[in-house]
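Please read it alongside the display.

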Amino acid sequence: MPPRSRPPTHPVDVLKRAGLLGTAAQIAVLDYLQHAEHGHFSAEEIHRRIAAHGERMNLSTTYRVLNQLVEAGFVASVPLGKHHSLYELNTGKPHDHLVCVVCGRVEEFSDPAINRRRNAIAKKFGLRFDGRALALQGICADCAARAHPPRARAR
Ligand SMILES: [Zn+2]
Ligand SMILES: [Zn+2]
C-alpha cells in the first residue's frame, strides 16, 4: 500500500465519488453538518459557525457549496419560501417539518398518509416529485402562549 493513500472514507474521496471536486469549502460544510448535533441550519448560520472555527469562506461560497451538497444528496434542504432555506444532513430518512415563524423552532414529523397523498397528487399533475420535504409554517404552542397568556384571555 502506498504510504500516502487515504482510507476510502476520507471526505475528499466520498465527495469525489459523488462527482464533486472535494474542495476545502465542501469538506468544511459537510464536516460541520456531520459533526453538529442533528439540526436545521440557515446558510448564514452554517457560514458563521464555520468561520468561528477559523475557516475562511465567504457567504456566497457557502450557498454555492450547500447547493452542490444538496444536488449530490449529502444535504437536504427545507425550503421556507422566497430565498430562504434551512439545511440538514441527509440521513436518508424522509420526513417533513413544522416551523415556527416566531422563534424558528423546527420539529420533524413523518406521516404515511401525507406521503401517499403527496405522491398521488404529484402523479396527477404529472410532476416528477423530487422528494423535497414539506414545511408547515406557523406559530408554535410556546410562542402562542407567550403572545396570549391564559390570564389575559380570562379577563
Ligand atoms: Zn415558536
Ligand atoms: Zn429535518
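1. Basis. This is a predicted model, in which local features need pLDDT of at least 70, side-chain atom pairs count only at pLDDT 80 or more, and totals for chains, interfaces and linings use all residues. Residues are numbered from 1 along each chain as its sequence is written, chains are lettered from A and ligands numbered from 1 in the order in which they are written, and side-chain values use heavy atoms, leaving out hydrogens and water.

2. Domains. The protein chain splits into domain 1 (1-92) and domain 2 (93-155), with bounds from an automatic or database domain assignment. Their C-alpha centres are 25 Å apart.

3. Domain interface. Contact (heavy atoms within 4.5 Å) joins 10 residues of domain 1 to 11 residues of domain 2. The buried area, meaning accessible area (1.4 Å probe) that two parts lose on being put together, summed over both, is about 810 Å² here, and carbon and sulfur atoms give 58% of it.

4. Helix pair. Helices are DSSP runs (H or I, at least four residues), numbered from the N terminus. The axes of α3 (residues 43-52) and α4 (residues 59-71) come within 9 Å and cross at roughly 115°; axes are lines fitted to C-alpha atoms over the stretch in contact, with angles from 0 to 180 degrees between N-to-C directions. From α3, Ala43, Glu44, Ile46 and His47 meet Leu59, Thr62, Tyr63 and Leu66 of α4.

5. Salt bridges. With a side-chain nitrogen of Lys or Arg required within 4 Å of a carboxyl oxygen of Asp or Glu, the count is 4 salt bridges. Across the interface of domain 1 and domain 2 there are 0. Glutamate 45 and arginine 49 form a salt bridge at 2.9 Å, N to O. These two residues are about one helical turn apart because they stand 4 residues apart in helix α3.
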